[in-house]
Amino acid sequence: LEQSRQELDAQKRALEDRRAKLERSAAARARSSASVPRSVPQAQALEACRSLASLRRRLIRKLLRTYRVAPLSPSPTASSAAAAGAAWQLLGRPVPPLTAGGLFHCLGKEAEVATVLGYIAHLTAMAARYAGVRLPFAVHFAASTSAIARARLPLYWPGPPGRARDPPADPSTPQGAAHEEAAHKLQRAIAMVVANVNCLAGARGLAQD
């Protein structure tokens, strides 16, 4: 009898331990399910996505209207030097091919080149922000003295005024070395602007041209 009583007590203690473990496990599951937010219904999630996409489109359209982005209509009275190779205009200024030679050939002045590059860089950065696209190179907008990337490469001619279109001097001379360095920095900055534009276009499924 004594042995049977001891066995029953042991079984009772085992059952109580097991019940306590089950209660602790149930409480832990309840706390875990309470901390996890309920899943959003699929219809509600789709509606939120559509609303966000619509808001992004409205913001980008407003940005394009602000910068007055429009195709450049060829005019028989337009200067061929001012619009050669240009297909678009921003705030009434033609946007020529984004190369150092193309920019200076089409626009002709350092200040105008810097202004157009600043417009393009800022427009691209703002459109990417509205579209939720991360660009590879950050833009430091400052009108005609804007810069790009962490190195803050200038989006303007950093050399002496009026010297951008001059034929490069002998690189072995101080003037020639300064001219070559300025042209190299500007060309790198232009390439980064083009990379940002292509990144934004690719993310939105547009042709990278």
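## A quick tour of the predicted model

Three bridges tie strand S2 (residues 88-90) to S3, and the two run antiparallel. This is a predicted model, where local features need pLDDT of at least 70, side-chain atom pairs count only at pLDDT 80 or more, and totals for chains, interfaces and linings use all residues. Residues are numbered from 1 along each chain as its sequence is written, and side-chain values use heavy atoms, with hydrogens and water left out.

**The sheet**

- Three strands make an open sheet, ordered S1-S2-S3, with antiparallel pairing (two strands pair if DSSP finds at least two bridges between them).
- Strand S1 (70-71) and strand S3 (93-95) sit at the edges with a single partner strand each, so one side of each has no neighbour in the sheet.
- Leu90 has Arg93 in S3 as its bridge partner.

**Helix H5**

- Helices here are DSSP runs of H or I with at least four residues, strands are E runs of at least two, and both are numbered from the N terminus.
- Of the 22 residues in H5, 16 are buried, so to speak mostly covered (buried means under 20% relative accessible area, exposed over 50%, partly exposed in between, with a 1.4 Å probe and protein chains only).

**Around Leu59**

- Leu59 belongs to helix H2 (residues 42-66).
- Leu59 counts as partly exposed because its relative accessibility is 31%.
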